[in-house]
Every structure is written in structure tokens, then in C-alpha cells.
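Hi there,

Here is the structure I promised to pass on to you. Have a look at it first, and then read my notes below.

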Amino acid sequence: MDQRLFVKGNEAVAMGALAAGCRFYFGYPITPQSDIPEYMARELPRLGGTFIQAESEIASINMLLGASACGMRAMTSSSSPGISLKQEGLSYMAGSELPGLVVNICRSGPGLGGIDASQADYFQAVKGGGHGGYRLIVLAPHSVQEMYDLAMLAFDLSDLYRMPAMLLGDSVIGQMKEALVPHPRPQIELPAKDWVVSGKGSRSEQRIVKSLFLGDGELEAHNWKLYHRYQLLQERESRWEALYLDDAELIVTAFGVTARIARSAVRMAREGGLKVGMIRPITLFPFPQKAFFKATGVVKKVLCFELNTGQMVEDVRLSAARDAEVFFYGRPPGAGSLPTPEELCEQIERHHGRSA
Amino acid sequence: MTKVDTPVFTAPRSLKKVVTHFCPGCQHGTVHRLVAEALDHFAVQARTIGVASVGCSVFLYEYFDIDVVEAPHGRAPAVATGVKRALPDRIVFTYQGDGDLAAIGTSEIIHAANRGEGMTVIFVNNSTYGMTGGQMAPTTLPGQKTSTSPYGRDIANDGRPIRMAELLTQLDGTSYSARVAVNTPRNVLAAGKAVRKAFQTQIEGRGFSFVEILSTCPTNWGVSPLEANERIATEMIPCFPLGTFKDWALDAPGTGAK
């Protein structure tokens, strides 16, 4: 696969999923992610896979639950209001320890809101969203290439830890076109799916995929098991990108589309002589706590940029060293109003100036 | 000459030999048995996957000796769609109550039927929400008192009972739809036949099959098991007529039969 393609982010995520072996897609149209079901509707039948346009987002997440319980690599995708409808199924999948990929190409809310890029679904994605206190693996791509790469990684992590994974994109990353170099799925050893329901066949024991635990102490034990799995994930799977941290006096942090703008702002600030570094979380859960703790042991100022009124900043504050200062700059998007690199650079200058 | 004992009545192989949790007089046990007998009849236990739904029947994995996936409230037909599409050669059934199927899950059941999903739906209609303590269901009869219709179901306020077996008949994807009852031995035999026919529909690849089973909830109805059986005859059947509303074997071609 020695080729370079010019594709949309939404197409890249679908291509990454197919390259990862996903053969089941269940979804429902909603802007700005409808390119994903459209791509899957075109490509899956050729690959012997299954595409169903479900009657609702609720039905589609539950179709995913069913296919996943049978051991298949399966996915759904939606955008913010649709993801809200999927929360019931996500909670059940988390409780039933089922893998699967959910792509959220975020738009702005609350309610019907608008269709421009937003990062206001951060809380919903990383803090549970549905009921019962569960976590999802949450990956935040900032480029078309990462839409492909992280879709692939999401399936592997999801199978490895037996929990649903969410790819948290946004309407800019989903709709923009840039270069993509496709590649085959890296060979990762995954545990055998010895829990899959398939009909008993010659097995003497039945298999049950469920989230109801009514026996004495059963549910508590189940929730501790999930908790320890989330801790393990934190230990092993935190991912981030660090830029210019060596001599930094201020650390900028941002994810997804905002990280693209922030990176330009950081470069502009560097060109202006300001020693600024950057941490871009790639996994939002597990949040790269250690990266922030370590960096803020040296650099005592962090500036967090988001396309909302402050969500990830809470995790940054929880992760930073006790005497570090964490500042926030962001805003909820209105029609087309993304911050410019100049605007973010001005913020960097302002906060950097304080420490000078 | 030694006389060989031939059993005339045995426990279905597809059921575990355990005591159920159901209330005295509840007919889930009877319906479980009918489903298990059908699985035995077609010798498909080893390749059957059940989809359990929310309500008193959720524990069917404790009683059926088969693989089971548990679905969220009302979503069993969507979960079963995922299962059947993943493993098309397996026998897949959902087992749902009236609140599950005719209220919160109306969308899922209609669209699974309309797609002609190759699944069998066992719909247990006792005109109330059993597990949550006897609240009004979409199938509650006009005037019927429940904990959320304490003055009796008022059709001006609450609408009329939904007849699911007839409703699903309108969809081309439905190949078989019947309503039976389990209040008398004769009706139980007829119900067993309908359940078998529903599984035959799936085994022969003829699409979506549906059996509505009128059954009792003596605990929440506040009557004895025998009075509950009587109530099916005098109150439920007049509102929910028994019969086969669609049958691929009898219908003209092009109406859902494949």
C-alpha cells in the first residue's frame, strides 16, 4: 500500500476501520458525519460485510452491541445529538464488557445547536456520558492521517481491554481533506474472544453477555473489576504528543482541531522569541496525567485552549503539579467562529508575560 | 416378556433443571417450556442464541441452556439484528414483555419486522408491567386498574390497547404473526404449535416471525392463578382476539413469504 491519497477525515476514519477488519457498520445519518455511513454503504458489501442504516441512533448502537457480542469487529458513528441517544447502549456495552468503535464527529450544542466544530462533548465522552460510572477509551485525532491511524488503534485497544472505544473528532477534522498514507493494521497480539456468544455448539457451558448483576456482592465486584481495568489503561495506554518542552517556560495544551490552531500559535510565539512548549493529548481517556505532572514539575504554567467554555482544563488541573498555574482560554463556537492562530498567540504572549 | 417403559412426558433438553423465580401462577414458566420444546423439536439448541430483554423474563439465561445476550429495555430486536447479521446461520429469538415491546421498544420491533430480519419474537402480553410492580402498559385494557391507572385506564387520557400481532401483520417483512393464549390446556397446545411455526419460519429462512402470547400476572392483577386464567378468557381475548394473522404457508406470494 505505497500510496498517498487526498481524502476527507470522515473517509479516512472509515478506511481505517475497514483496514482494521471492521465488517459491520450500523448507523443513522446526521451532519457532519454522514460521509462515514455513505462510505460504508458503498464499500462494505464489496468486502462481504454488513451495512445497516438503522431506524435510529438507539437501534444502531444496540445492533453494534449484538454484533460485538458475537465477536465481530463492528462500529457506529454519529454526531453530538446522535451520540446522546447512543448513551444508553454505550452504558450497556461498558457493563457487558463489549468492544466496539463509536465515532463522534462533534458539532456544537447543546440541543440541536449548530453544525460547526465544537469540543463541548468532552465531558460526555470522557466522564461516562451514560449512567453507571463507566469509562470509554477516547481518542482525539487532529489530522486526516490520525483519523485513519486512531480508528485502527481504537479497535485493538477496545478488543484488548474489552470496552467500547470512542473516536472524538469534530466537524473540521471530519470535513477537511488532506494527505493520507494508508497502511495495513499493525500485528498486535490480542486475547482470544472466549466470551463470545455463538450458540453453544459442542460447548457444555452456555455463555451469557449481560450487565445485570443482582447476586450479593456481584455488582460491586464487577465494578471493581472495571475500575481496575481503567487504572491499567491509565498505566499503559496514555498517549500524547510533546513539542518543544525542553526549554519551555509555558506549556500550551489543546486537542483535536484546536491543537492544529494552537500549534500554529506556538510556532508564531517561538518565532517571536517566547519559549513555549505544547502537550497534545491523543488519548483523552486515559488522560495523559503523568505527562502533565512531569512537565509541570518544571514548567509551572499551562495554558489550555478548547472550543468550549472549559472542560479538558479540569483534567489538566487535576494532573498538574500542585504549585502549577493552569489557565484556560476558549469559547463555545458560533457559526464559523474558530479562533485564529494570532488570537491564540496573543493569549500565549499575555500568559507568558506574567512569568517574565 | 419385559415391558419397555416409554416416557410420554419429559423435561425439554433446552431447559435447565432448576427452580424458576417466577411468582405462583405466572405463565412465563409455561411459555419458556413451549419455546424450549420448539428448540428441541427442531434440534437447534446448540445453534440458538436468545436475546433477553428487561422485565421479569430477563433471567431466561438462568432457565434456558443456550447462549444469551441481554438487551437494554425495548432494544432486543435491534440487538437480535446485530446477532443475526453477525451469525446468519444461528437461530435467534427475542423474548419480550408488553412494556418492553409495545412501549419503549415500538420502534425497534416495527423496523426489525419491516426489514424481515430472520428472527423469532416471543411476545408475552399480560397487560401490565410485571417486574416494576403492576403499572399500566400499552396493552392494559380500558378500565383496567393498575398502579398508574388507579381509576382504571381512561382511553381519553391514555389511549386504547395496542394490538401488536395485527399491527405487525401490515408490514411486508413479517412472514408469520399469531396471537395465542396459555390459559387452558387446549390453548397451551395451540400456543405450542404457533411457537413451533414461528421457529420453522426462521429455520426455513422465511424472514420475521412473531407470536403474541396472552398470559397472566396474578400478583399484579391481584387475583388467584385460576381467576387470572379466567380473566384471560373473559377480558383479554375479547380485546385481543386469538388467531393467525399472517402465515407464509397460507398467504399469497408477495406478501412477505419468501
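Tyr244(A) sits in the loop between β10 (240–243) and β11 (250–253) of chain A; helices (H or I, at least four residues) and strands (E, at least two) are DSSP runs, numbered from the N terminus. Its phi is positive, near 50 degrees, although Tyr244(A) is not a glycine. Tyr244(A) is partly exposed, with a relative accessible area of 34% (buried means under 20%, exposed over 50%, partly exposed in between, using a 1.4 Å probe and protein chains only).

Before going further, please note that this is a predicted model: local features need pLDDT of at least 70 and side-chain atom pairs count only at pLDDT 80 or more, while totals for chains, interfaces and linings use all residues. Residues are numbered from 1 along each chain as its sequence is written, chains are lettered from A and ligands numbered from 1 in the order in which they are written, and side-chain values use heavy atoms, leaving out hydrogens and water.

Chain B has a positive phi to look at too: Ala43(B), near 55 degrees. Ala43(B) lies in the loop between α1 and β1 (48–52) of chain B and is exposed, at 63% relative accessible area. Most residues other than glycine have a negative phi, and most peptide bonds are trans. Back in chain A, the bond between Thr31(A) and Pro32(A) is cis, with omega about 5 degrees, and Pro32(A) belongs to the loop between β2 (24–27) and α2 (35–43). Another cis bond runs from Gly109(A) to Pro110(A), and Pro110(A) is in the loop between β5 and α5 of chain A.

Next, helix α4 of chain A (residues 80–95). Twelve of the 16 residues of α4(A) are buried, so the helix is largely enclosed by the rest of the structure. Those buried residues pack against several elements of chain A, including α3 (57–69), β4 (74–78) and α8 (218–237).

What about the domains? Chain A is assigned domain 1 (5–180) and domain 2 (240–353), with bounds from an automatic or database domain assignment. Their C-alpha centres lie 26 Å apart, and 28 residues of domain 1 are in contact with 27 residues of domain 2 (contact means heavy atoms within 4.5 Å).

The largest nonpolar core has 122 residues, and Met75(A), Leu284(A), Val69(B), Phe208(B) and Phe210(B) have the most contacts inside it. Such a core is a set of buried Ala, Val, Leu, Ile, Met, Phe, Trp, Tyr and Cys residues joined through side-chain atoms within 4.5 Å. Helix α6 (residues 144–161) of chain A gives the most to this core, eleven residues.

Finally, Val35(B) belongs to helix α1 (residues 28–41) of chain B and is buried, with a relative accessible area of 0%. Leaving aside neighbours within four places in sequence, Val35(B) is in contact with Phe64(B), Phe93(B), Ile122(B), Val195(B) and Phe199(B).

Happy exploring!
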